[in-house]
Structures are given as C-alpha cells and as structure tokens.
Amino acid sequence: MSDIRKIAVLTSGGDAPGMNSAVRAVVVSAINSGIEIVGVMRGYEGLIDWETQPLGLADVRNINNQGGTILFTSRSERFLQKKYREQAAKNLRDHDVDALVAIGGDGTLRGAIAFQNEGINTICIPGTIDRDVACSEYTLGFDTAANTAMEAIDRIRDSSVSHGRCSVVEVMGRKRGYIALWAGMATSADAIIIPEKWDGDYDSIIDTIKAKHADGRNSYLVVVAEGVTDAPELAQMILDKTGIESRVSVLGYIQRGGQPTAKDRMYGSLMGAYAVDVLKKNKANRMIAIKNDILIDYDIKEAIDIQNNQIDSFQYELSKLLAE
C-alpha cells in the first residue's frame, strides 16, 4: 500500500517541448491512483512563494500538442540559499504534500539533491533540450529542438545556394553540442563547432571551405553551438580569407517552442507515468532515466555522481564522426 496521498509537480529551468506531456501523465496517473495533485507555478520559485493550483483531468486535457509548460518555469537563484529551501520544504509540509515531481535539466537535478537534505521526497524527470543529464540517454525536448533547428537550417541553405553564400548558423547548446551535432549532420554541414570538440582551429574550417569552393561548390554551411565561438566574427573571418559572402543566422528560442514531436510527447507521457509508479512503490529521491530505450530510475545522488564523473560514450561516438 502506497504511503503517498498528495503530490506536487513543477517544471524548472529552461522550458522544453514535452514537459506538458510529462505533467499530464503525472496528473492522470496520480488521479487514477487516488492521489491528490497540485501544480507548482514557476518552478522552485513558486515552491518558495507557494504559488500553486490544484490540478484535475480538465486542467491537462489537450496539452500534449502545446510547447512550453502550462506550469510556467524559472531559474531560481533564491533556491540556492538554504533558508529558501527550508521555506519551500515547510510549504510542502504545511500543505500535506508527500512528494515532489520536478521536471527539468541539470540545475533541477542539483536543486533536488539540496532539497533532499530538507527531508523532501523528490522525483526528477529529465526535461532539457540540451540533453545534458548524463544518466539518461534521452531528455525531453531534444528531439523537437533538433528537428526545429534542422528544418530552419534547410530553409537557410536554400537561400545560401541561391546567392552563393556561406551561412553560419548558431544553435542552442552552451555546454553541450548535441543540437549542433545532430542538426549539422542532418543537413550535411561543411563544419560543426561544438564545445566537446573545439580547439580553436579556424584555419581548418577556412581550408575546408576553400577546398570545396575549388571543387565547384557555390554555397557552404557552418553550424555553431552558442557560446563556443563568436559567430559574426567567424563569418567575417570566412569573408576576409575566402572572399565568399557570409551571413549569420541565430536560431535562438525558436528551438524551445512549437509543437513537440511524437517522440517527446511519448517519452514525456511514459516518464510522467513512471514517476508516479515509483512513488507508489514507496521509493524516495529518484531520477527517472532512459537506458537502452528502457525506463529505469536512479538514486538522485547516484545520478549526480554520473553527471559529475561520467563521459557520455554516446556523445563521444557521435563526436568522432566529425573527425572522419
């Protein structure tokens, strides 16, 4: 018999397509199990201020197709301070909440670790377009973001071909280059710059473009993960050293928005339902993950150890393709 009678659910950090599917699945699974559920608005910030609303089936009807998150989100600086985590924990206890389901990325996971010390049972679901939760092979939002970037780059390339230009396209991924890598490879980019494999060798990019130009090519594509290098500076360098007109396109927040793909909707639904099942089994402080396409759960501290120490072999294998 489960000891769980009431659950709170929140979304934290950067929004990611598929979060709504996870929220919906948590709500539906909880209600079908006789568990009361409350939604926390604006992530950990809303937990501190107790900005909440009860959630019923009508509140989550037809939200699978919506991007973003109906619970809103934020990055909470206050939650880094123990006094505010204590306030958040007190709020949950005062309102008889037995467990918290937190949907978000690396920062959300680290917040849950700190929150565990306040005696709150927290279950985390990985939701981040950056795919930067190392213990899980997939995070909600990545597939949609990568497809959005790919489709945008396809359109940009059409114009590049028409004008004989080099397009430098900046995508999201300040610390992880998954989006740049996948979108760049899917669009046959001439060069892909990611944080995991960037040594500052601009000459190799210039030489690649020169060689393809000499071979009769009239348009070129460079995909850059944000923050790795200065995209306008790179475009100017290409113009100066090759004479080829170069333009910069920064895709920005379009990668976070829009209708989630079937994959993000499905994985969001599966992860949300699995989180409630974990709680019904009276497990505490777990991280939901996907390994070999199977849903599993880790102890949160084990998950953070993986985050701190493990080199993601899948990322490594993909990155090697850039050298071939």
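Me: Of the contacts between residues at least 6 apart in sequence, what share joins residues at least 24 apart?
Reply: That share is 75%. Keep in mind that this is a predicted model.

Me: How many helices and strands does the chain have?
Reply: There are 11 helices and 11 strands. The radius of gyration is 22 Å, close to the 20 Å that the globule rule gives for 324 residues, so the chain is as compact as a globular protein of that length.

Me: And what box do the C-alpha atoms fill?
Reply: Roughly 70 × 40 × 35 Å, along the principal axes.

Me: What percentage of the residues is buried?
Reply: Buried residues account for 56% of the 324. The chain exposes about 14,100 Å². Carbon and sulfur atoms supply 47% of that area.

Me: Charges next. How many positive and negative ones, and how far apart are their mean positions?
Reply: The chain has 36 positive and 44 negative charges. Their mean positions are 3 Å apart.

Me: Let's go to strand 4. Why call it largely enclosed?
Reply: Strand 4 covers residues 99–104, and six of the six are buried, so the rest of the structure largely encloses it.

Me: Which way do its residues point?
Reply: Ala99, Val101 and Ile103 point one way from strand 4. Leu100, Ala102 and Gly104 point the other way. All of these are buried. In a regular strand, side chains alternate between the two faces of the sheet.

Me: Which strands does strand 4 pair with?
Reply: Strand 1, residues 6–11, runs parallel to strand 4 and is joined to it by five bridges. Strand 5 is also parallel to strand 4, again with five bridges. Ile7 has Ala99 as its bridge partner in strand 4. Val101 stands opposite Ile123 in strand 5.

Me: Where does strand 5 go from there? Parallel or antiparallel to strand 10?
Reply: Parallel, over two bridges. Strand 5 spans residues 122–126. Cys124 has Met287 of strand 10 as its bridge partner.

Me: Is strand 10 mostly covered or mostly open?
Reply: Mostly covered. Strand 10 is residues 286–291, and five of its six residues are buried.

Me: And what about strand 11?
Reply: Strand 11, residues 294–299, pairs with strand 10 in the antiparallel sense over six bridges. Ile290 stands opposite Leu295 in strand 11. The hairpin of the two strands has two residues between them. Asn292 there takes a positive phi near 55 degrees.

Me: New topic. Where is Leu55, and is it buried or exposed?
Reply: Leu55 sits in the loop between strand 3 (52–54) and helix 3 (82–94). Its relative accessible area is 8%, so Leu55 falls under the 20% cut-off and counts as buried.

Me: What does Leu55 touch, leaving out residues up to four places away?
Reply: Val9, Val27, Ile31, Ile37, Val38, Gly39 and Leu71.

Me: Last one, Ser21. Which helix holds it, and what does it touch?
Reply: Ser21 is in helix 1, residues 19–32. Ser21 is buried, at 0% relative accessibility. Beyond four places in sequence, Ser21 touches Asn64, Asp264, Arg265, Gly268 and Ser269.

Definitions and conventions
Residues numbered from 1 in each chain as written. Predicted model: local features only at pLDDT ≥ 70, side-chain atom pairs only at ≥ 80, totals over all residues. Heavy atoms only, no water. Helix = DSSP H or I, 4+ residues; strand = E, 2+ residues; numbered from the N terminus. Rg over C-alpha atoms; globule rule 2.2 N^0.38 Å. Buried < 20%, exposed > 50% of the residue type's maximum accessible area, 1.4 Å probe, protein only. Contact = heavy atoms within 4.5 Å. Areas by Shrake-Rupley, 256 points an atom, 1.4 Å probe, with all protein chains shown as cover. Lys, Arg positive; Asp, Glu negative; His and termini not counted. Charge placed at Lys NZ, Arg CZ, Asp CG, Glu CD. Pairing = 2+ DSSP bridges.
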